[in-house]
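Thanks for taking a look at this one with me. Below are a few notes on ring contacts and strand pairing.

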Amino acid sequence: MRRPIRSFTVLLLVLAFVLAACQRAQPTPTSAPAAQPSPTPAAAASPTPAAQPTPQAQVTKPTDPIGVLEIKPGEPIVLAWMLTVSGGTAQLGEDSKRGIEIAIEDLGGELLGHKIELVGEDSGCNPEGGQAAATRLAANPRIVAIIGSSCSSEARVGAPIIDQAGLVMVSPSNTAPDLTDPAKHVEGYLRVAHNDKVQGRVAAEFVVNKLGLKRVATIHDGSLYAEQLANVFAENVQKLGGTVVAQEAVSPEDTDMRPVLTRIATQQPELIYYPIFNPAGSYITLQAKEISGLENVKLMSADGLLEPQTVQNAGQAAVGLYLSGPDLTVLGPKYQEFVQKYQQKYGTKPVAGFHAHAYDATMMIVEAIKKVAVQAPDGTLYIPRKALRDALYQTKNFPGLTGNLTCDQYGDCADPKIAVYEVFSTDTTGWPDSAIRKIYP
Amino acid sequence: MIVRAARRAIFIGLVAGIAAWHLSLVGLIPAFAQRRLVGDTLTFSYALLIALLALAAFATGRRYPGAAQRIPWGILSALVSSLMLFLLALLVTHLNLRQILLNATPELARVLTFGGGASGAGLVRLLLIGLLAGLFAGGLSALPRPWGRVIVSAALMTLLLGLLRDVLGPLLPQVVTSFLYGTAGLSLAGAVVTFLLAAVLFTLRWSLRANAVTARATAAVPATVRQPVIQALLLLILASVPLWAGLFLSNVADFVGFYILMGLGLNLVLGFAGLLDLGYVAFFAVGAYTMAVLTSPEVGQRFTLDFWVALPIAVVTTVLAGLLVGLPVLRMRGDYLAIATLGFGEIVRLLVLSDWLKPYLGGAQGVTRIARPSIASWRIDSPQEFYLLVLISCLFAWFLSVRLRDSRLGRSWFAIREDEHVAQAMGINRVTVKLSAFAIGASFGGLSGALFASLVGSVVPASFSLLVSINVVALLVLGGMGSLPGVVVGALALVGLPELLREFQEYRLLVYGIVLIAMMLFRPAGLLPERIHRRELEEAVEEAREIAPAEIATGRG
Amino acid sequence: MTIAAPRRFTGGRRIDISQLIVWAIGGILLAIVLLGSILTLRAGHYTAAQWRDFVVFGIAQGAIYALIALGYTMVYGVLRMINFAHGEVFMSGAMTTFFLADYLNRSGFLKAHPWISLVAMLLFSGLVSMTVAVLVERIAYRPLRGAPRLVPLITAVGASFFLQYTFRGLFGSGVRAYPAIPVLQGKLWVFQKTQVAVFIGVLITLALLVLFLQRTRAGLAIRAVAEDREAAALMGVDVDRAIVTTFAVGGFMAGIAGVLYALVFVQVQFFMGFLPGIKAFTAAVLGGIGNLPGAAVGGLVLGVIESIGPSLFFDGYGIRAAHQLKDVIAFTILVLILIFRPTGLLGERLGGEERV
């Protein structure tokens, strides 16, 4: 009696397998091959001039190679954020998130007759967090577009996942060159933050030309952003006639930086460049001067440490620290208005460097949605996904808070303005002006 | 007598109050104060607070036989808890502790007093609700046998349904969804209907069990027929998942599958052979990284292999790793074995993280562009399709585990688990038996890792931390060590459920910790333990409890 | 309880082969380390001053490990269980005392009376950690005494998570920085003043601990229970109270270690207890679990090896970023000790006599 039942079971299983395989129930988004560069901007599915949202009243749903998102009347348009909002880097992500929230507020909380709903995932500023957050967001079919990620290491792993799922993401603060490198770029990824090729160059020029220093050492923390920025910096220093005496690495969780610093000390650098994040950055700031041989070394970091926590945690040791980052002093009256709103809503001035970028990213996405969305007579909104991507890539001279944004074919949209600041006081109550001041250019 | 009873009631009330304080200040209660479960008023936080009050009353009333005593003492307990809530609300409103305790905000005060604020109105509200909760709990326990349980189970089911709205919504037909669910949680009508349905179901279940006639009827069908039929049905259900589960659910199912595979592997090592391995993640990592290194074009090889070629290589490599881990720990006893294996797990993680091995293993940023499997021209792309692969692997591992359990090797493992020296005296070769446990157990982990790497498409060192090892041990313990269905239950509970309740992500590990402690305190044998194992474990714990009071009795110094 | 059965009972030639393989691996590792050290010293990148700095820092860090390790070892001696939550006990003191330190700093008291402030912080941290340790024992461990080994282990892991995320929820996930104590800034001869303070602090605490265990009744009770619980109970020792005292004392020391840690590393966070907890446990095993001087020695040895190890062993090979392998060295030492000398450097001493 047993054997026939068992073989029947196996047969059933095989049948089920075959059924399921042939069925391929949901039309899964065709995977965009990860290594291909983004295609030249093609005509959008429903071409309408950028300024006015005049969705054509089509009776049938538009078609799109990736898929079409259907938003029924009464349902919200879902935007998502993928930022680091916990741990040592929380200020960076929280700051960007606030930029998004202000943008949505400025839009009145709605777009094309649908409410805007904001969801999000914490990406932790590391590859694992990026992977987890991207996987979760990719599994949510209601999301139209994502603003994120905060850290380049998250995007390296997360962007392919987002891309494969047919979604699109615009990053407010990823700066690693690799992410828009022609050989590695994925179609579903753009950014409004500067490419670190610019930041590294400006930092090198500052160190060699303005400070007149010749011997530098770099420390990165294994993340994509830090490693690449340190490399760009080193290359540019060498081009300008300086010497890179040491290139070291630490881990974001390291608490004891002494072995690394001691090794660097053996090479007698004049400046240590460590474009990493908190809390590792503050450990270096605190411990560097204690190493014999480094008593007089100058310290410099980048936009990853451009937050009050850097000065709060390192205290007196942070005075004299140089920080490069987005130049927020040249951004004009619209930015000042934004800062006012930020202060009113959250009780403090902006705490990191990329809030305006996040605002711009949101507005850019909204603009693209307006361009490609199709409104059916019954009130249903159709958003074709590939067309949305194409519309984003077609962004030209978009007037954002951070400048005029124009996207190139590899996803770089920024209008980069980099400055170098110096920490002159440990008083962070009036950040940034009470603690740091711009000294270059 | 009365004084003692009162003291007890007050004490339990205080404990419940402190638990409420903890959950409030940690942020769980304020964070979900807006999360509606039923209608527009019953939010998650309110439900939690009411549950705490009711629990206090229930715990107090339990010892008394009659309702006449249960209800008043229960109410006293609940009232004490209510007062504690009010006290916290007062403190939070009048003292500014926000710089220290992030969640000590005025909003918290409002939630704690059920909207009344830290005022007389709030106090009245709280006391009233405490009274009602006490009455409810007392009343429930006063009801004849099954009804109390049925009502509580049905209520829990209803609340759970409210929580899972985002998951179940897309699955159920539109009509059902719009009836059941309002904007954020269950609608009032939906809640009532769910509650009644669940109550009916639970009552049925209970009566079927208790009723002699139906029990005999089910026993009449011989096990030889019943078993395979049940199995076939289960298989059918499992295999059909890709048809109805969306993207998100398939992903969750895939991850549950990975942990089931790992659980089955660790089950051989820990459940059968009794070897306390706290570094199981090492095998998972070896499998994943082997797959990554062999199939990704990123890491300095001149060749990349196909998924199907890389998969067996990954498993074989992991088996070797299992032998490598097993050799040094052959002669270690319990605790030390645990620590040594924990060390191995960390060493593997640190090595794949290091810059030194970066050219081969990708370093801190990991390896991306790992191959996906393809059969002829069909590339397995989506989580739904991948699910079938995972399912087949799990079934295979299950089958192997069952065979091993009933085999000579399995018996040797059990013997080693019970008493190693006696087993040796009986002629069992400790070395080969232990090594085979490690090797075969590792192979499952390696398979799981390889599949994981392929599904996600990338591997990063942080995914292979101690937490994974602990997860696998915990799910084994939760389900019952040595028990195969227990592994599935454990994985569903510890991996599946948190993924479904994603909004609680931030408090997940807090709840995890509480669940582990609670499990060990109340059900150390697990949820679905092997019968023998449960008996042993409970005897051991019983024995220990008898010794402890004796110590106290004799030693007062 | 035997740890390693004598060779003649293991029977069969197969065992010898596996033993040989293990010994071979151990030998290879030793050779690698020696060769690396020789290469590094020959290359001469580091000055003597820098080696000295490494060693001094290693001693300071090791001293902190030692304090935490003492807690582990005492609990193991008395209960035969690994208290995984001990790292979190350490963290709880450090994190909670931050607020006291911050308050003292902002009110100016810290600048005016630095020594009093420091003592206050140490005591406060000790008390907080002590409370946490005792609570954990009472709620999670006491009901499970005598249960099979795995059960308290899982409970301890659960308690560890619970504490971590409780503190994360209470105080936030961000990183806090202790204010700088003016008197302890700068160098004293060649040592950092903070490191000197740590070392002195640990010495004082150790001395007090030894006094407590040897000269007081409570200490006597603890030693008795560690040696033989049933006999102690029969002799009239209140076993429960002795166990609670063990946890309390261990917790208190962990709290002190927390503030000392904050002196050196400044930044504290909810997750800070995890790694020091594991390291401290390694130190306890290294020195001989259940053996108090062993824990102290183990801590120091581990701290120093961690500090100079990566540079000394691996620099000579030209391995990039060798310090990332610092923890690999620590764990490898752990595994090697467990294989070759499970009783630890100073032997496993439970209560008073050496038991091998």
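**Notes on rings and strands**

1. At 15% relative accessibility, F314(C) counts as buried (buried means under 20% relative accessible area, exposed over 50% and partly exposed in between, with a 1.4 Å probe and protein chains only). F313(C) is buried too, with a relative accessible area of 15%. Their ring centres lie 6.4 Å apart with the planes at 85 degrees, so this pair is edge-to-face.

2. A word on the basis: this is a predicted model, where local features need pLDDT of at least 70 and side-chain atom pairs count only at pLDDT 80 or more, while totals for chains, interfaces and linings use all residues. Residues are numbered from 1 along each chain as its sequence is written, chains are lettered from A and ligands numbered from 1 in the order written, and side-chain values use heavy atoms, without hydrogens and water.

3. Rings of Phe, Tyr and Trp (its six-membered ring) pair if their centres lie within 6.5 Å; planes under 30 degrees apart are stacked, over 60 edge-to-face, and the rest tilted. By this rule there are 43 aromatic pairs over all chains. One of them, F338(A) with Y359(A), is edge-to-face at 5.3 Å and 75 degrees.

4. In chain B, F255(B), F258(B), F284(B), Y289(B), F452(B) and F464(B) form one aromatic cluster.

5. Strand β14 (residues 381–384) of chain A is covered on both faces: L381(A) and I383(A) are buried on one side, Y382(A) and P384(A) on the other. Strands here are DSSP runs of E, at least two residues, numbered from the N terminus. E70(A) stands opposite Y382(A), and Q375(A) opposite L381(A).

How values were computed:
Helices (H or I, at least four residues) and strands (E, at least two) are DSSP runs, numbered from the N terminus. Two strands pair if DSSP finds at least two bridges between them.
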